[in-house]
Each structure stands twice: as structure tokens, then as C-alpha cells.
Amino acid sequence: MIRINLALQGGGAHGAYTWGVLDRLLDDPGIEVAAITGTSAGALNGAAFKAGMAAGGREGARAALDALWARMGAVTDMRLPAWMAGNMTLAGQFAKAIELSFPYTFADAVSRMTSPYAYGPFWSNPLRPVVQQFDYEKVCGAGGPDLYICATNVRSGKIRVFSGEAITTDAILASACLPTLFQAVEVTDPVTGRTEAYWDGGYTGNPALFPLFRPDLPGDVVVVNINPLERDEVPKSPQAIQNRINEISFNSSLLRELRAIEFVQRLIVRRYVPDGEMKNVLIHMISDDDLMTELSVATKLVPNPYLLNRLKAAGRTSADNFIAAHRDDIGQRSTVDLRAMFG
């Protein structure tokens, strides 16, 4: 049995790509997911995977993920008409159609000029009905993989990692709370009694890798990356500039942790630390930068069923390619050249 940990990035509707990756991993009885760390959409995917696995094994996890993204596709905020989506044969065409559509341009303009607090008591989080339907007895229970969910403390600017019974509807909503769209989510610490406000975990951990460094967990971490690390062209339009700012800011925390892992790997190879003093973490990555660079911040905010299913199919293909190419590397070596990445 091959045991791995999963690190699931956030990225709004692009998280459907991770749905496809998980769906493909569930096909392989020789791969066991020991732990998951997730942010935003990664947190939703992680919660569905864990609850489904605890309730009904692999088929239970598959059913829970399918149900989650069916609910996401039913969120009606800023969706394009079905006929328009059906005529978009390329992801880039679909992204451009959304960027130029009146509902998106209007909502984008309003978000830049007003605060989500301007709506007062009439404001509601459109994700709450989706997140409330998780079986939290299973999400917080001992069955399935360990689960860690990341959010950002607004007051301190520090990361907060929720696990076990601390994972609630509000904890998951906090992990997915973009401050220009949603009011900060308040969570009360049962130990201290202090209530803290939280924003999206992507600002401080997208996702956080350090919860996976426990000695009892496997050394292999598979990062499902949905925010392109590189773009060849310099963005020039307002939308392209904003999109690249979003990608850079939401990748920065992950890159910091990967740099630290690369440093520890060098220390271990050169025997600068005693055997067993530091964990030798092996990094793998599943991504489709060609597809993601065709999309934009606009498509992250529009959970159109056409796009969700396109992303799921791409995720399945990427996971299939990863398994075919690197199955024998798991437990032996990293398949991401961190030294070259930071050279």
C-alpha cells in the first residue's frame, strides 16, 4: 500500500480540478490518503473526502465529492446562461466571456467600490448552505484521513489551522472568506473564549504544509496546485494584472514552505543534522498550468456547471498521468525539483 498526504490549494471554482484528481486517486486501491491539508476550495474538497471515506469508503468519498460539486454548481451568483457555456469550446473563450459579461463586470465594479459590510443585516454568505450540509460527525471523527483546514486571523495576520472538533461550518467558511466579497467569519475559541475574525487561508497558507510533518504520517506530500506558478506574458489589462496579483499572493505562502523543505533536504543530504532529527519530506505536484493559464480570477468566482465538469475531467487526466509516471517514485524521492525551482 502506498501512503501519501495531500495538500489541496484554494482557488474558488477551480477547485473542481482537485475534485477530478481525488476522483482518480479513489480508483486506485493501492493508494491510501493518510492526511489532508486544505484551504478554501481545498478545505471543502478535504471535508467531503474525509466524511465520505468515513461513511462509505472509496465509493462514499466519491459520492460526497460529487454531491459537493453538484451543490457548488447550483450556486446562482454571477452564473452565465447554460446556452452560452455550451458554446464555449475553449477554456480561454469561456474565461473571456465571463470577464466581459455584464453580471461579472458589474459585480467586480461594485466589489471595488463597496464593502460587504455595506449590506448590513441583509448580507448572507452564499456558501453557507453548501458547507452546512457536510456530516460534521464524520468530518471531525477518527475515520478517514486526518484533516487540517487553514484560515487567516484578521487581527494578528497569523495562520490558524483547524483540526478535529474545531472544524465547523464557520471554520470552513473562514478558510474560503475572500474579504472583498464576504464579511469576515467569526469563530470563538472554546478554550480561551475569545472570538476572532478570519479571512481566506490562502493569504497565510495555501495550503499549510507543516501539519503534515508529524513523524507518524508518510513522508510524501502531493500538492494539488491550481494557481499557476509562472506566466510567460506580462499582464497589461486591468483584469490580467488583478489575476496575476491574485495568483502570486496565493502562491507565496506555499513557496515559502517549499523553500524551507528544500533547505532541510540539503541539510539531510549533507549530514548536517543527526539521522531522524528532521523529517525528509518528499514533494510531488499535480497541476495543469496550460489549462489554468487560460482561465482567470473571473472563472474562480463563477461555479458554472460546464466549467466545473471541464475542470474535473482535467484533474482526472492529470492524476492519471502522475500515477503512470511517478507511482514508483513515491516513498523514494521527490518528483518536484525544488532546487531548480528556487535556483
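This is a predicted model: local features need pLDDT of at least 70, side-chain atom pairs count only at pLDDT 80 or more; totals for chains, interfaces and linings use all residues.
View 1. Leaving aside residues up to four places away in sequence, Thr18 is in contact with Leu8, Asn45, Val224 and Ile226.

**View 2. Packing of helix H1 against helix H12.** H1 spans residues 16-26 and H12 spans residues 305-326. Their axes lie 6 Å apart and form an angle of about 45°, so the two helices are oblique to each other. The crossing of H1 and H12 is right-handed.

**View 3. Residues in the contact of H1 with H12.** On the H1 side, the residues are Ala16, Tyr17, Trp19, Gly20, Val21, Asp23, Arg24 and Leu25. H12 contributes residues including Leu308, Leu311, Lys312, Arg316, Asp320 and Ile323. Sorted by class, this contact holds 10 nonpolar, 4 polar and 5 charged residues.

**View 4. The largest nonpolar core.** This core has 63 residues, and those touching the most other members are Leu6, Tyr17, Phe134 and Ile172. Helix H2 (residues 41-73) gives the most to the core, with 11 residues.

**View 5. Surroundings of Leu6.** With residues up to four places away in sequence not counted, Leu6 touches Leu22, Leu25, Val33, Ala35, Ile36, Thr37, Leu212 and Val222. Another core, of 18 residues, lies apart from the largest one. Among its members are Leu217, Ile261, Ile283 and Leu338.

Methods. Residues are numbered from 1 along each chain as its sequence is written. Side-chain values use heavy atoms; hydrogens and water are left out. Axes are lines fitted to C-alpha atoms, for helices over the stretch in contact, and angles run from 0 to 180 degrees between N-to-C directions. Helices (H or I, at least four residues) and strands (E, at least two) are DSSP runs, numbered from the N terminus. Angles under 35 degrees count as roughly parallel, over 145 as roughly antiparallel, 65 to 115 as roughly perpendicular and the rest as oblique. A crossing is left-handed if the near helix is turned anticlockwise from the far one by less than a right angle, and right-handed if clockwise. Contact means heavy atoms within 4.5 Å. Ala, Val, Leu, Ile, Met, Phe, Trp, Tyr, Cys and Pro count as nonpolar, Asp, Glu, Lys and Arg as charged, and the others, Gly among them, as polar. A nonpolar core is a set of buried Ala, Val, Leu, Ile, Met, Phe, Trp, Tyr and Cys residues joined through side-chain atoms within 4.5 Å. Buried means under 20% relative accessible area, exposed over 50%, partly exposed in between (1.4 Å probe, protein chains only).
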